[in-house]
Amino acid sequence: MGEALAITIETTGIEAAPALDPRAAAQTAETVAQALRTRIQRSDLTSGEWLREVRLCGEFGVGRSIIRRALRILADDGLVDIVENRGARVSSTTVEEVFDLYETRAALYGLATRFACLRGSDEMIQSLLAKIDRLLEQAEASVAAEDIIETSESIFGEMSECASTDAQRMIASVRRKTRFHFSYVALAVNANGPGPYKFWRGVRAGLLERDADKASQSARDILYYMQGEVARMMLARGPRARSDAAQAEMTSPRGRKAGAKG
């Protein structure tokens, strides 16, 4: 009977389904978005560069629906502009936009640090102190800036666990937009200088003393320091204020919105 079945399949022209690209099973819109996000934030993909769906489908081994969802995720992050009838391109970030993001992040991280002081268990405080010590040791040893950022994000991530669900969502949203946004460059440029580390020592002291005001202000000061460094470097690269970039971005939805406000 097995032979008869095989003959029937052969004579009727039924073929086995083609093997799926093994990469496709491992890729989701979120993983594709994260891969592209990292490239954008590291300037491997530059401002204004078009992200062609066909090329991305081939690169990641996925269908257009996944690529389109990934691009929408990046658009929500403000890293990509989706232009009607043309596709998606890497957005042109302005000094004002980055300044505002860091201002928001400073407020949220200050709150997260305050909540950690007020609500964190003794075990959590000890964990945070150990991580801050590791960050200071990394800075002293001049390790790669990306490693210092990883430790920093781990610290703030743990502190944010003490915040409400809504606050955690806001922190996560702003974090995606600013995590690598030139901040690794700022750390690298200031590797031989004081950097933001005196403020990290302030956070450590505040946590140790359970002094919410001291800890939260020091956390905000870390972000204010980075805000100033990022703005300085962006300005050094050339005029990037909204007034200079608006005309070039008017074809994008985000650009039209900014122009309308102006």
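User: How should I read the words buried and exposed here?

Analyst: Buried means under 20% relative accessible area, exposed means over 50%, and partly exposed lies in between (1.4 Å probe, protein chains only). Arg39, at 26% relative accessibility, therefore counts as partly exposed. One caution: this is a predicted model, where local features need pLDDT of at least 70 and side-chain atom pairs count only at pLDDT 80 or more, while totals for chains, interfaces and linings use all residues. Residues are numbered from 1 along each chain as its sequence is written, and side-chain values use heavy atoms, with hydrogens and water left out.

User: What makes a salt bridge, and how many are found in the whole structure?

Analyst: The criterion is a side-chain nitrogen of Lys or Arg within 4 Å of a carboxyl oxygen of Asp or Glu. The search finds 11 of them. One of these joins Arg39 to Glu59, with the closest N and O atoms 2.4 Å apart. Arg39 sits in helix 3 (residues 29-41) and Glu59 in helix 4 (residues 53-60), so the pair ties together parts 20 residues apart in sequence. Helices are DSSP runs (H or I, at least four residues), numbered from the N terminus.

User: Which residues are linked with Arg39 in a network of salt bridges?

Analyst: Arg55 and Glu59. Arg55 pairs with Glu59 at 3.5 Å between the closest N and O atoms; both lie in helix 4, 4 residues apart, about one turn of the helix. Glu59, at 30% relative accessibility, is partly exposed, and Arg55 is partly exposed at 38%.

User: Is the Glu153 and Arg105 pair buried or exposed?

Analyst: Both residues are buried. Their salt bridge has its closest N and O atoms 2.5 Å apart, and it links helix 8 (residues 145-160), which holds Glu153, to helix 6 (residues 95-119), which holds Arg105, 48 residues apart.

Technical notes:
Helices (H or I, at least four residues) and strands (E, at least two) are DSSP runs, numbered from the N terminus.
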